[in-house]
Amino acid sequence: MEGGDYSRRPLSFSARRTLDSDTGDMDGSGISGMSSRPGRLSGTSRRPEAITHSHPRPLPTPTRPIVSPLQNLLPSAPASPPTPAPSPTPQIHRLPTWSTASENEDAFLRDARPHFSRLDSQERQRFLAEILNLCDSQQLSFVLNYVSPRLKKDPFKSLPNELCLRVISFIDDPKTLARASQVSKHWHGLLSDDLTWKKLCEKHSYRRLSGAAGYSMSNQTHHHDSALFSANPISPKEATFAHALPSTSGFTSEISPQSLRAKRGRPKVTSYKSHFKQRYMVETAWRTGGKAIARHITPDQGVVTSLHLTPEYIVIALDNAKIHVFDADGQLLRTLTGHVMGVWAMVPWGNTLVSGGCDRDVRVWDMEKGDCKAILRGHTSTVRCLKMSDHKTAISGSRDTTLRIWDIEKGVCLNVLVGHQASVRCLEIHGDLVVSGSYDTTAKVWSISKGTCLRTLSGHFSQIYAIAFDGNRIATGSLDTSVRIWDPHTGFVTSTPFPMQACSDPCFRSSRNCLAVLQGHTSLVGQLQMRGNTLVTGGSDGSVRVWSLEKYACVHRLAAHDNSVTSLQFDETRIVSGGSDGRVKVWDLRTGQLVRELSSPADAVWRVAFEEEKAVILASRATRTIMEVFSFSPPADSLGEFYRAPRATSEESSGAMEQDQEAAMDEDGISCEMET
């Protein structure tokens with residue numbers, strides 16, 4: 001800096017943060033050699049030695065009047081016209097221009113810097129105080145805006161990363177985390193830690209997405225249907241479709257282009273962060289979105305008797321002896337014909353479908369080819385229920401009072417289970433055990449491998465219409481309006497009569513295990529689903545009830561429908577019900593509040609089934625059976641790019657916190673979805 005050619009070299013950017021040649025503005029740079037340029041500082045004949053005065057002078061009063069902003073609030077002041085809110089931009093204070101600087105000003109600053117650098121701390125403070133005493137309010141405002149960003153400090157840069165991640169772990173609002181990741185590159189790096197998003201997934205109960213999970217749920221939830229979720233009703237008339245597909249089955253099909261976008265084409269989830277984004281968008285679509293991607297109409301008024309969803313197919317059976325097979329997006333593939341009367345039961349397993357109906361036959365189908373692989377005969381009346389224990393073993397229940405165990409690969413009957421005195425209405429399988437419910441008011445536990453009855457569950461006063469079995473507990477719903485919980489290993493009921501309090505007499509428990517009845521419904525209980533310690537029941541009285549299997553108490557009583565509940569399914573967060581009143585409703589499992597209705601009201605809802613990102617409704621409208629397929633999958637573009645071009649903060653733009661920029665998280669993918 002002391003070289004002879006200094007005045008010929010351009011000053012650096014930091015060196016030019018000094019007094020403006022016209023206004024006298026100044027920054028934090030020091031000034032020395034006051035005696036050589038006194039006029040540049042005050043415009044008075046002040047002596048140079050006065051600068052060393054130990055007591056700073058008071059700030060001068062501005063000579064020009066100051067207009068208070070409160071004057072605009074007086075009643076007599078005219079109202080200001082409304083102006084649109086400006087777009088958010090980095091608040092960067094404009095630096096002084098050097099376009100009008102003279103050579104003399106450069107020479108003055110060249111002498112001032114070394115003088116200021118030689119001063120100690122107290123001398124610098126007195127020096128700066130005197131300089132500030134010479135400034136007016138506009139210049140002081142410039143100093144304030146110039147200095148304030150340099151006094152800010154990023155706490156996440158001062159603390160160890162371990163403490164920063166500990167602080168972040170207490171934030172359970174994903175919208176807050178998404179916005180915080182845009183503050184700076186350092187914050188973005190901290191919020192990219194996968195452990196933070198793993199904990200957030202656990203807080204929101206977001207399990208890993210998999211087609212097998214949805215398929216196993218579909219298999220475990222037998223003929224009780226499932227239902228689906230959306231916040232604003234989506235009318236089929238409002239949905240636009242690309243083209244109509246003619247079909248020999250009588251269906252008029254409409255498929256949207258969205259249905260052709262396969263779910264398997266989605267980028268693979270490789271981190272908890274991307275997994276959380278995907279799950280959050282799916283949950284948001286269930287609450288407030290969803291699109292109708294397919295719609296099919298059949299001209300005849302066929303009653304839908306069964307509906308199943310698998311990772312590859314949507315399969316429906318009707319009482320007109322037809323079975324329609326659609327792909328996972330709702331496009332009609334083929335119609336299986338062969339039954340001569342109504343099909344009342346079916347169960348899929350991979351590409352294999354087993355069906356039974358009023359013609360007393362059990363048929364095995366290849367859904368991929370549409371061929372009937374085997375016809376199993378033996379029942380003497382309508383086949384009313386079907387389940388599969390593995391890929392080659394099927395179990396059927398009939399109105400002839402028997403159950404039959406079939407080897408569908410060999411096409412032979414392995415065992416005939418005899419014991420019921422009336423029609424077998426429902427059955428469930430878990431491991432080697434099968435539980436059947438009958439119109440003879442009893443339920444029986446059978447061994448599949450042995451082909452024998454292990455125990456009989458007696459207690460209902462009327463026919464059993466629904467059953468649920470998770471391996472540890474059996475729930476039965478009956479025409480006597482009650483629900484009973486049984487222990488499959490003892491045959492005794494494992495709870496107490498209403499009002500559902502545990503029996504305190506240990507001697508009585510050892511003899512009868514305390515007979516238990518869950519009461520509350522006023523009509524037939526025909527829908528049951530059990531998951532963990534939660535049981536949800538639906539009745540012909542139109543109500544849906546949520547029960548705790550730990551306390552054996554009713555948690556929620558939902559006045560769901562004006563008529564019978566025909567469909568019922570729930571998962572970790574929601575309950576979906578369909579009824580004979582033609583409505584499909586979604587409820588919050590934890591609060592019992594109505595979330596939304598899906599689709600427009602119909603004459604009646606036959607069946608509703610849903611997976612994590614798809615839902616199917618089968619209803620009757622104007623004497624026609626209509627199938628609607630809804631998708632809740634995230635848009636493809638929102639899952640492709642997880643990061644977006646960086647945004648600079650005001651601190652970064654002014655050079656206070658960071659000079660580099662960040663690749664911020666895609667707000668369209670998370671933040672904007674969370675705003676919704």
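Buried means under 20% relative accessible area, exposed means over 50%, and partly exposed lies in between, with a 1.4 Å probe and protein chains only. E613 counts as buried because its relative accessibility is 4%.

This is a predicted model, in which local features need pLDDT of at least 70 and side-chain atom pairs count only at pLDDT 80 or more, while totals for chains, interfaces and linings use all residues. Residues are numbered from 1 along each chain as its sequence is written, and side-chain values use heavy atoms, with hydrogens and water left out.

**Around E613**

E613 sits in the loop between β31 (604-610) and β32 (614-621). Helices (H or I, at least four residues) and strands (E, at least two) are DSSP runs, numbered from the N terminus. The side chains of E613 and S633 are joined by a polar contact of 2.8 Å. Such a contact is a pair of N or O atoms within 3.5 Å; within protein, one must be able to donate a hydrogen and the other to accept it, and residues adjacent in sequence count only if both atoms are side-chain atoms.

**Helix α3**

Helix α3 (residues 137-151) has 15 residues. From first C-alpha to last, α3 reaches 21 Å, close to the expected 21 Å. The expected span is 1.5 Å times one less than the number of residues. Which residues of α3 are buried? They are Q139, F142, V143, Y146 and P149. These residues lie on the same side of α3 because they cover an arc of only 145 degrees around the axis. The arc is that of the directions from the helix axis to the C-beta atoms. L144 and L151, on the other side of α3, are exposed. At the start of α3, a side-chain oxygen of D136 comes to within 3.3 Å of the backbone nitrogen of Q138.

**A three-strand sheet**

Three strands form an open sheet in the order β20-β21-β22, with antiparallel pairing. β20 (464-469) and β22 (483-486) are the edge strands, each pairing on one side only. Two strands pair if DSSP finds at least two bridges between them. β21 (residues 474-478) and β22 pair over four bridges in the antiparallel sense. T476 has R484 in β22 as its bridge partner.

| Residues | Helix | Strand | End C-alpha atoms apart |
|---|---|---|---|
| 417-456 | 0% helix | 60% strand | 13 Å |
| 518-557 | 0% helix | 60% strand | 13 Å |
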